[in-house]
Amino acid sequence: LAKRDPAPREKLKIENSSWMPFIAAMLFGTHPIHTEAIAYAAASMEVTGAVFFLAAFWLWLKRGRRWQIWVGTLSVLAFFTYEMTLTLPLVMLLTSIVFDQKYDLRLTINNLRKHWKDYVFVILPAIAYVAVRVGVLHVTGRGEYLAYSAYHTGLVMVQMLVKYLSLMVWPVNLSYLHEIAPGVDSFLTQYSRLESILEQSIFDWRVLLSLGVIVTLGYAAWVGRKKWPLVTWAIGWFFITLLPVAYIVPQGIAISEKYLFLASLGYVVVIAYAISKFSIFAAKRDLASRDNFQFSIFLLALLILFYGGLTVKRTFDWRNEVVFWHRLTVQHPKSALAYFTLGVHLGEKGSIDEAERMYERAIALEPRMVEARFNLGNMYAKKGKQTEALEQYTTILELDPNFEPARKKMKELVDK
């Protein structure tokens, strides 16, 4: 991509330097936002799908006929492994427009006609995936729009897109859970207080601020499209690769750090471009400017150490389920889900008393959580606290008369 960008090629001769690819690779490899995606690698194929995506894109950049079959094969593997990779045709088109056509519609159309085979090997697998998912498996979205409102979902997701950007810039205190509205976590349950989402409006300052950030980035990308096309491309890449999780089609989770695995490439390219441009420019000037070059090296090292240290710290949060969910109770002390799930894992490890306290805390935060009450009642029953256990089972049936496990447990206690 650096070689396709005339700005660095003509002014800074980046094509003769390994600086920018090296910096981008270092930032991508050390950024803590990827910890969640990598930690999930053992249980899913998402990262593998992302690798297929990047490999297909890299081969497509070569624009050789012998690579078309490989691009198509990798696209199939990517699409049927990780649905976020469906944006591959769009980032290909973005790359072609930014670097080849220079925003000339006529040239874009002519290029598409000339190189249509480069795209068809990617578009057909994408169509096949959608056909299988919708036509054969009958799967469209996952769940409903947030608070059953497409409008309010849009307001929330505008804020989440900016939240994604802030997580890239300042990845401190990363978490599995994120607040998408006051008092509402990113993992919605039947206990989530949806009225908090419905209370938002287009005139909410958070919504207006988020819209302002997105519009400003879009404007900067357009204004700098000829002078800094690589920056324009990176901004486009960031937002395009997040489209599958922008809740255009409901997907169940409003925000997750693992969704940034592909999008983060846009961010690190901008940072690498800025550092490379500054360092090479400084190196070509007088001796005093060489101090600026050394400063850029120091700045890069500091940034890598900062991100790397946060990555190591974040990795420790994923040591086991108890550590993971305990960390979430510290980060989100008002999350009943965090306390409940921690109680489940503590109970599995035999820490009954601690698990009991977690369930009690979850119930204090969310009295309607029948799952926490049921587990707590079972623990009371095992300890011989029949009165306390019956009290929990009775409350459960008052909240949910169809909760048959509680009815069965209560009958067993009464029979005794």
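Modeller: Axes here are lines fitted to C-alpha atoms, and the angle between two of them runs from 0 to 180 degrees between N-to-C directions. The model is predicted.

Biologist: What angle and distance do the axes of helix α17 and helix α18 show?

Modeller: The axes of α17 (residues 352–365) and α18 (residues 370–382) cross at roughly 145° and come within 9 Å. The crossing of α17 past α18 is left-handed.

Biologist: Which residues of α17 and α18 make the contact?

Modeller: On the α17 side they include Ile352, Tyr359 and Ile363, and on the α18 side Leu376, Met379 and Tyr380 are among them. Contact means heavy atoms within 4.5 Å. By class, the contact of α17 with α18 has 9 nonpolar, 1 polar and 3 charged residues.

Biologist: What makes Tyr count as nonpolar and Glu as charged?

Modeller: The classes are set by residue type: Tyr is listed with Ala, Leu and Ile as nonpolar, and Glu with Asp, Lys and Arg as charged.

Biologist: How do α11 and α12 pack?

Modeller: Helix α11 (residues 205–223) packs on helix α12 (residues 229–240) at an angle of about 145°, with the axes 8 Å apart. Ile214, Leu217 and Ala221 of α11 meet Thr232, Ile235 and Phe239 of α12. That contact has 5 nonpolar, 1 polar and no charged residues.

Biologist: Why is Thr73 called partly exposed?

Modeller: Buried means under 20% relative accessible area and exposed means over 50%. Thr73 has 38%, so Thr73 is partly exposed. Thr73 lies in helix α5 (residues 65–79).

Biologist: How far is Thr73 from Val122 in sequence and in space?

Modeller: They are 49 residues apart in sequence, and their C-alpha atoms are 8.7 Å apart in space.

Definitions and conventions
Residues are numbered from 1 along each chain as its sequence is written. This is a predicted model: local features need pLDDT of at least 70, side-chain atom pairs count only at pLDDT 80 or more; totals for chains, interfaces and linings use all residues. Side-chain values use heavy atoms; hydrogens and water are left out. Helices (H or I, at least four residues) and strands (E, at least two) are DSSP runs, numbered from the N terminus. Buried means under 20% relative accessible area, exposed over 50%, partly exposed in between (1.4 Å probe, protein chains only). A crossing is left-handed if the near helix is turned anticlockwise from the far one by less than a right angle, and right-handed if clockwise.
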